[in-house]
Amino acid sequence: MEGAKTNMCYNVLDRNVKDENLGERVAFYWEGNSPDHHMAITYSQLLGQVCRCANVLKHMGVRKGDRVAIYLPMIPELVYTMLACARIGAVHSIVVSAEIDIMVSQCSILVTADGVYRGEKWINLKQIADEALEKYEHTHTCCVLVLHYRRQPSVNLSPVVFPVVQTPWDAACDVCWDEVMGQVSEQCEPEWLDAEDPLFILYTSESTGKPKGVLHTVAGYLLYTSLTFKYVFDHQPDDVYWCTADIGWITGHSYITYGPLANGGTSVLFEGIPVHPHAGRFWEVIEKYRVTKFYTAPTLIGNVERTPLLTNPVTSCRYDLSSLRILGTVGEPINPEAWLWYYEVVGQKRCPVVDTFWQTETGGHVLTPLPAATPLKPGSAVRSMWLQVFRRPWPGIMRTVYGNQERFENTYFKKCPGFYVTGDGRIDGYYWITGRIDDMINVSGHLLTVAEAAVVSRPHTVKGECLYCFVTLKDCREFNRSLVDELKRQVREKIGPIATPDFIQNAPGLPKTRSGKIMRRVLRQIARNEKDLGDLSTLADPKVEEVLFSQRCETAA
């Protein structure tokens, strides 16, 4: 499509409002951290707010090709800003690690908020952003658009003391969102872009090395996210779709913002966490909005499945989930037991489960069953949707690693010349994703593939590095010395003595994002007793690191 002209924002908003007459259709049901905070946003309202934000960015000097960093909670303003960038041809980079992403993307504008509550925990986003900006030379020209967004987490909580926070403010570069948004028009013509102009840069996680700036372009990504959303979720006009991921990850880009909007869909935009203010929050939201398509991470499924039967809000039939038609999983492999629980209990044995495999780099789904069309195997992503081999590129494939084309070629195309290599393993005729093949730990000079995602390295005076394992048990099991000895014996017998872990820690929960990604840097820091964990604003459960530190192993198991 190189040489053709288009605009992403026009296709997901103007086309739906003006050509498809969907202006009064709800684009997003926004559900806040507290159940008391919620609103509906129509396509016409969304278009107006996006145009306002686009005009603000233009008045602040942003032009086609400029890079804009966005560090916001899961609130409507996050969608407004990313679509405003797309409208004027700016390249958005949504920040999930302020220090790294702002540094590498070299943005001249940062859009952030004073802070946000995650459950009962206050995250001071502005302070985190300011501390990151101070470290890098290029940021002395950075203009910061600040949204004042401070909500109490809930009026129904047990008494807690909330912090009185003074938002850091630098009059030389900080601009108030509310003031400037009220001074601009709701009309803004889209910038017509080449099909291969950049749309966004998104940095991959730190689990396998230095983060890579994955760059996606306009037309191919639009086509691929639109089609994969339509077919994988069998999108229908009356659907209410909910993806529980964070927009700061690729799942949120593709299957909260661009894919659903390109199809004129109605989605739930969820700011909260699964266990706040109670363990049944997910099911409460499904019942409230009559959600028909539900897309979440295996981690979150497993966390609910492990709760005791009598208190489990699904199995005790406290919520009406009869609206559900299709269930989906994303972010990591799902074990067959959790898959069956999801299918039998949540889906009541009538909802197909689309277990999707894809990457930041692919832009959209590449392995997945199609609902009611593909025979299912619990825990398997089955066969590829269209691509039997990755010999030829698909529309949504990344175009480069930002600023490092050599790394792009070496990482994805040199290991198997002529093919794109995902870096994940599989077994049998169906695809069973086994984890990263490049996620290795060096123990006494031997490279071991980490099969369990909660295994990290810890410095060792003799070996150099040793294995530190975080083990999450079902509620019916007790973590004790005999269990630790049995786990070590199993490793010795199944893998070999060299793989025997030195440390095995009880982990009631793991530090994961709402997209289901394990924050392995946090696990490594806990294993090494490094208390400064940095930015934790994307954690699904902000309290999990406190629990893990309290149960940390000081001596070898």
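Guide: A nonpolar surface patch is made of residues with over 30% relative accessible area and no salt bridge, their nonpolar side chains being joined within 5 Å. The structure to which this applies here is a predicted model.

Visitor: Which residues make the nonpolar surface patch of about 370 Å²?

Guide: Met1, Leu223, Leu227 and Tyr231 make this patch. Leu223 belongs to helix 7, which covers residues 218-232.

Visitor: Why does Leu223 count as partly exposed?

Guide: Its relative accessibility is 34%.

Visitor: How is the protein as a whole described in terms of helices, strands and buried residues?

Guide: There are 15 helices and 24 strands. Of the 557 residues, 59% are buried. The protein exposes about 23,000 Å², and carbon and sulfur atoms supply 52% of that area. Among contacts with a separation of 6 or more, 72% come from residues 24 or more positions apart.

Visitor: What is the average pLDDT of the protein, and where does pLDDT stay under 50?

Guide: The average is 82, and 81% of the residues score at least 70. Residues 154-162 stay under 50, with 14 contacts beyond four places in sequence in the model. Residues 437-448 also stay under 50, and the model has 38 such contacts for them.

Visitor: What makes the buried residues of helix 5 line one face?

Guide: In helix 5 (residues 125-133), the buried residues are Leu125, Lys126, Ala129, Asp130, Ala132 and Leu133. Down the helix axis they fall within an arc of 160 degrees, so they line one face of helix 5.

Visitor: Which residues of helix 11 are buried, and what arc do they fall within?

Guide: Ala338, Trp339, Trp341, Tyr342 and Val346 are the buried residues of helix 11 (residues 336-346). Their arc is within 165 degrees when seen down the axis, and they therefore line one face of this helix. Just after helix 11, Gln348 takes a positive phi of about 55 degrees.

Visitor: Where is Asn335 found, and why does Asn335 count as partly exposed?

Guide: Asn335 is in the loop between strand 17 (326-329) and helix 11. The C-alpha atoms of Asn335 and Gly302 are separated by 8.8 Å, although the two are 33 residues apart along the chain.

Visitor: How do you know that Lys18 forms a salt bridge with Asp14?

Guide: The rule asks for a side-chain nitrogen of Lys or Arg within 4 Å of a carboxyl oxygen of Asp or Glu. The closest N and O atoms of Lys18 and Asp14 are 3.6 Å apart, so the pair meets the rule. The count by this rule is 17 salt bridges. Both residues lie in helix 1 (residues 8-19), 4 residues apart, about one turn of the helix.

Visitor: Are Lys18 and Asp14 buried or exposed?

Guide: Lys18, at 55%, passes the cut-off of over 50% and is therefore exposed. Asp14, at 2%, is under 20% and is therefore buried.

Visitor: What makes Arg399 and Glu196 a salt bridge?

Guide: Their closest N and O atoms are 2.8 Å apart, so they too fall within 4 Å. Arg399 lies in the loop between strand 18 (353-355) and strand 19 (400-401), and Glu196 in the loop between strand 11 (193-194) and strand 12 (198-203), so the pair ties together parts that are 203 residues apart in sequence. Arg399 has a relative accessible area of 24% and is partly exposed; Glu196, with 27%, is partly exposed as well.

Visitor: How do you know that Lys293 and Asp239 meet in a salt bridge, and why do they count as buried?

Guide: The N to O distance is 2.6 Å, which is within 4 Å. The pair links distant parts of the chain, 54 residues apart: Lys293 is in strand 16 (residues 293-296), and Asp239 in the loop between helix 7 and strand 14 (241-243). Lys293 has a relative accessibility of 3% and Asp239 a relative accessible area of 3%; each value is under 20%, so both are buried.

Definitions and conventions:
Residues numbered from 1 in each chain as written. Predicted model: local features only at pLDDT ≥ 70, side-chain atom pairs only at ≥ 80, totals over all residues. Heavy atoms only, no water. Patch = residues over 30% accessible without salt bridge, like charges linked within 9 Å, V, L, I, M, F, W, Y side chains within 5 Å. Areas by Shrake-Rupley, 256 points an atom, 1.4 Å probe, with all protein chains shown as cover. Helix = DSSP H or I, 4+ residues; strand = E, 2+ residues; numbered from the N terminus. Buried < 20%, exposed > 50% of the residue type's maximum accessible area, 1.4 Å probe, protein only. pLDDT = per-residue confidence, 0-100. Contact = heavy atoms within 4.5 Å. Arc of directions from axis to C-beta.
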